[in-house]
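Me: I have a chain open here and would like to go through it slowly. Could you look at it with me?

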Amino acid sequence: MKLLLLLLAFPFATHAFNEEAYANRILNRLPECNIPIQFQTYTFRDAWGVYESGRITIKRGLNRRWIKYVLLHECGHELNETLDSPIFGRPPYVTREAKQDRAEDFAESYRAYKTGILRDGAKFNFFQNNL
């Protein structure tokens with residue numbers, strides 16, 4: 001049981017699969033996030049994902065759960081360039097990372113909204129009305 005929990009928490013893939021195809025299937029369900037993605041062995045500051053210059057770069061080797069997490073978070077950064085509201089950058093925060101600044105709050109809130117974690121409140125209503 002402990003081994004199973006460890007494997008679920010571990011962010012890297014334990015078997016090979018087509019990362020690009022999986023990420024593109026997720027993107028096809030996100031019409032608001034129309035952005036090219038690429039996978040690389042190393043990313044900026046060795047982060048798991050980076051949104052920069054109109055492109056999302058994801059670290060190779062992540063498992064499906066973390067690819068989805070990173071992809072949704074980075075799509076949130078892209079959306080934040082066109083959508084914003086003063087409600088971001090203020091509590092309640094969905095994660096510790098969201099507390100860093102408005103951009104991180106927006107990205108983490110978008111990810112939480114798309115995965116069903118964010119279910120009510122002003123941030124939920126913002127996404128319901130603007131996506």
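Me: Which residues is Ile-67 in contact with, leaving aside its neighbours within four places in sequence?
Reply: Ile-67 is in contact with Phe-17, Glu-19, Tyr-22, Ala-23, Phe-39, Ile-58 and Leu-62, once the neighbours within four places in sequence are left aside, where contact means heavy atoms within 4.5 Å. This is a predicted model, in which local features need pLDDT of at least 70 and side-chain atom pairs count only at pLDDT 80 or more, while totals for chains, interfaces and linings use all residues. Residues are numbered from 1 along each chain as its sequence is written, and side-chain values use heavy atoms, with hydrogens and water left out.

Me: Where does Ile-67 lie, and is it buried or exposed?
Reply: Ile-67 lies in helix H3, helices (H or I, at least four residues) and strands (E, at least two) being DSSP runs numbered from the N terminus. Ile-67 is buried, with a relative accessible area of 0%; buried means under 20% relative accessible area, exposed over 50%, and partly exposed in between, with a 1.4 Å probe and protein chains only.

Me: OK, and what about the core, which residues touch the most other members?
Reply: The largest nonpolar core has 31 residues, and those touching the most other members are Leu-30, Ile-56, Ile-58, Ile-67, Leu-71, Cys-75 and Phe-127. Such a core is a set of buried Ala, Val, Leu, Ile, Met, Phe, Trp, Tyr and Cys residues joined through side-chain atoms within 4.5 Å.

Me: Which helices and strands each supply at least two residues of this core?
Reply: Helices H2 (19-28), H3 (64-80), H4 (102-114) and H5 (122-130) do, along with strands E1 (37-40) and E3 (55-59). The largest share, 7 residues, comes from H3.

Me: You listed Leu-30. What is Leu-30 in contact with, leaving aside its neighbours within four places in sequence?
Reply: Apart from those neighbours, Leu-30 is in contact with Leu-72, Cys-75, Tyr-110 and Lys-114.

Me: Back to Cys-75, then: which residue does a disulfide join to it?
Reply: A disulfide, meaning a pair of cysteine sulfur atoms within 2.5 Å, joins Cys-33 to Cys-75, with an S to S distance of 2.1 Å. Cys-33 lies in the loop between H2 and E1 while Cys-75 lies in helix H3, so the pair ties together parts that are 42 residues apart in sequence. Cys-33 is buried, at 3% relative accessible area, and Cys-75 is buried too, at 0%.

Me: And which hand does the link of Cys-33 and Cys-75 have?
Reply: With -80° about the S-S bond, the link of Cys-33 and Cys-75 is left-handed.

Me: New topic, how many aromatic pairs are there?
Reply: The count comes to 11 aromatic pairs, where rings of Phe, Tyr and Trp (its six-membered ring) pair if their centres lie within 6.5 Å, and planes under 30 degrees apart count as stacked, over 60 as edge-to-face and the rest as tilted. In one of them, the rings of Trp-48 and Trp-66 have centres 4.8 Å apart and planes at 75°, so this pair is edge-to-face. Trp-48 is in the loop between E1 and strand E2 (49-52), and Trp-66 is in helix H3, 18 residues apart.

Me: Are those two buried or exposed?
Reply: Trp-48 is partly exposed, with a relative accessible area of 31%, whereas Trp-66 is buried, at 15%.

Me: What about Phe-106 and Phe-127, why is that pair edge-to-face?
Reply: Their ring centres are 5.4 Å apart and their planes stand at 70°, so the pair is edge-to-face. Phe-106 lies in helix H4 and Phe-127 in helix H5, so the pair ties together parts that are 21 residues apart in sequence. Ring pairs also link Phe-106 and Phe-127 into a cluster with Phe-88, Tyr-110, Tyr-113, Phe-124 and Phe-126.

Me: Which residues of H5 are buried?
Reply: The buried residues of H5 are Lys-123, Phe-124, Phe-126 and Phe-127. Seen down the axis of H5, they fall within an arc of 160°, so they line one face of the helix; the arc is that of the directions from the helix axis to the C-beta atoms. What covers these buried residues of H5 includes H4.
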